[in-house]
Amino acid sequence: MSDNSTSDNSNLDPSHLETLDRDLGRLSTLEQATAYVSRPMMGTGLALIFVVFAALIAALIFGQADNTFIVVIAAAFGAYMALNIGANDVANNMGPAVGANAMSMGLAIVIAAIFESAGALLAGGDVVSTIAKGIIAPESMATSGAFISAMMAALLASALWVNLATWIGAPVSTTHSVVGGVMGAGIAAAGFGAVSWGQMSAIAASWVISPLLGGLIAAGFLWFIKANIIYRDDKIAAARKWVPVLVGIMAGAFASYLAVKGLKKIVKIELGSALLIGLGVAIAAWMIMIPVIRRQSANLENRNKSLKVLFGIPLIVSAALLSFAHGANDVANAVGPLAAIVQASSTGDFTQAVEIPLWVMVIGALGISFGLFLFGPKLIRMVGNQITKLNPMRAYCVALSAAITVIVASWLGLPVSSTHIAVGGVFGVGFFREWDTERRMRKAKKAVSGLPDLAPEERRRRKLVRRSHFMTIVAAWIITVPAAALLSAGIFVVIKGISL
C-alpha cells in the first residue's frame, strides 16, 4: 500500500475537512431535533398505551356482556379525560411551590402523583348524580341509549377541550368542562328545556366569584406578611412571632378543608364541626411551630432572603394537602360520566345516583398521575413562573388562599372552581405587588421633592403580571362551558348518526 494513503487524516484536503465538519454538525443538529421531537411523541405514545390499557381492563371485567363494547369505549374516553386532568388541573396545586423554588419539578410530580392518587382512592368517589350534579333533568332522556350517548359525548368533548387548553397553556376548570359537555349533549338529546338553568347560572357566577375570592384572600395575606414581617426593621424577630401564627392558620384551614371536601367517602362532617376541628388543629400547629421557627431562625441574617427558609416546608406540605383534596374531589370529573355509563349499560337504570366502582376509580387515579408525569410540567411552569414572579411567601399566600376560599364558599353556599381559585390567587398576589410598588413609589416621591414621574414606557415595563397570559387564561375560562357544550353537541349528533 502506498505511503500517501488517504486513511491518514493529516493528508486530507482542507476542503474535505470543512465538509466533514459541516456533515458532523448537521448530524449533531439532527440528533438534537430528533430528541426534541421524540419527547412529545413518546409522551403521546405512552398516553395512548394507558388508554388502551384502561379499555382492556373494562373488556376483561365485562367479559361477554351485551354492552361490553360501549363500556370499553367509555373507559378509553374516561382514561383520556383523566390524563388531561393530570396535565392541566394538577398544575394549580404544584405551580406556586415550583415557581417559588420550594421544590424541584421532579419532587413536585412525585408528591402530586402520590397525594392525588391517595385522595382519589381513599376519599374520592362519593355518590355522584347520573346527570353531572343536576345540570340535565334525568327524566328528559327518553332511553338509556340516549343517556349513554350523551355521557359519551360529554366525556370526549370535555377531554378534548381540556387537551386544547393545555396545548395553548391555559389552566381551565375541568369541572366546568364536564358541565359544559353534559349541557351540550343534553340539549342535543332533549332540547333546551332539559337544562337546569338555575344551576347553570350559579356555575356562571362562579367564573367571577372563584378567582375574585382567591385573589383577594391571597392579596390580603401578602399584605399582612409585608406589613408585619418584611417591612419591619427586625424581620427575624417579626417572623418568630407571626410565622407560627400563619402556619397555624394554614393547618386549621386545611384541616377544615379536608374535613368538608376531602373525606366525604370516609365520614360526612358538617361545616360547623369541620371549623371546630380546624380551630383545634390551628392551635396545636401554632404551639408546635413556635420552638421550630425559633430554632430555624437562630442564625439567619436580617434580610428578606432569609425569610424564604421559614416558609419552604409549610409550602411543600400545603401543596401535598391540596393535591390530596383535589384528587378526592376532581377524580369524579374523569370517571363520574364513565361510572354512569357503566351503570346504565349494566342495569338500564340511569335516573338514580351511582356509586363509582373501584376499577373505574383506579383508572381515574392512575390517569391523573400519569397525565401529570407526562404532560404536567408545561402548566406547572405557566402557573409557577410565567404569570408573575413567585417566592415562598407569595406562593404560601396562594396555597393558603385556596383552602380558605373553599371554606368561605362552602359557608356561603357558593359554587367555586379550584382551578379558578388557585390561579386567581396567583393573579391577586401579582396585582397586589403592582399596587404596592406604585404606592411606595408615590410615597417616596412625596418624601423626596423633585423626584420625576415614571414615563409611560417605564410604567408598562414595571407591570408585574404578564398581561398576555392574563387575557388568555380569562378568555379560556369564559368560553370553557360554551365551547365544551358545542363540541359535545356535535359529538352527540355524530354518535347518534353512527348508531342509526
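Residues are numbered from 1 along each chain as its sequence is written. Because the model is predicted, local features need pLDDT of at least 70 and side-chain atom pairs count only at pLDDT 80 or more, while totals for chains, interfaces and linings use all residues; side-chain values use heavy atoms, with hydrogens and water left out.

The secondary structure comprises 15 helices and 0 strands. Both are DSSP runs numbered from the N terminus (helices: H or I, at least four residues; strands: E, at least two). Of the 500 residues of the protein, 50% count as buried. The protein exposes about 23000 Å². Carbon and sulfur atoms supply 66% of that area. Accessible areas come from the Shrake-Rupley method with a 1.4 Å probe, and for residues only the protein chains shown count as cover. Contacts (heavy atoms within 4.5 Å) were examined between residues at least 6 apart in sequence. Of these, 84% join residues at least 24 apart.

Helix 2 covers residues 68–88. From its first C-alpha to its last, this 21-residue helix reaches 30 Å. That is close to the 30 Å expected at 1.5 Å a residue; the expected span is 1.5 Å times one less than the number of residues. Helix 2 is mostly covered, with 18 of its 21 residues buried.

The model contains 3 salt bridges. The criterion is a side-chain nitrogen of Lys or Arg within 4 Å of a carboxyl oxygen of Asp or Glu. Side chains of opposite charge can pair when their charged atoms come close. E301 is partly exposed at 48% relative accessibility. R303 is also partly exposed, at 40%.

A salt bridge joins R467 to E434, with an N to O distance of 2.7 Å. R467 lies in helix 15 (residues 467–499) and E434 in helix 13 (residues 418–447), so the bridge ties together parts that are 33 residues apart in sequence. R467 is partly exposed, with a relative accessible area of 33%. E434 is buried, at 11%.

D436 and R439 form a salt bridge, their closest N and O atoms being 2.6 Å apart. Both residues belong to helix 13. They are 3 residues apart, or about one helical turn. D436 is buried, with a relative accessible area of 3%. R439 is partly exposed, at 29%.

Aromatic pairs number 10 in the structure. F427 and F470 form an edge-to-face pair, with 4.9 Å between centres and 80 degrees between planes. This pair links distant parts of the chain, from F427 in helix 13 to F470 in helix 15, 43 residues apart. F427 is buried, with a relative accessible area of 5%. F470 is partly exposed, at 23%. The rings of F427 and W477 have centres 6.4 Å apart and planes at 65 degrees, so this pair is edge-to-face. W477 lies in helix 15 and F427 in helix 13, so the pair ties together parts that are 50 residues apart in sequence. W477 is buried, at 5% relative accessibility. Ring pairs link F427, F431, F470 and W477 into a cluster. Rings of Phe, Tyr and Trp (its six-membered ring) pair if their centres lie within 6.5 Å; planes under 30 degrees apart count as stacked, over 60 as edge-to-face and the rest as tilted.

Helix 4 (105–123) and helix 11 (358–386) each supply at least two residues of the patch. Helix 11 gives the most, with 3 residues. L358 is found in helix 11. L358 counts as exposed, at 62% relative accessibility.

Notes. Buried < 20%, exposed > 50% of the residue type's maximum accessible area, 1.4 Å probe, protein only.
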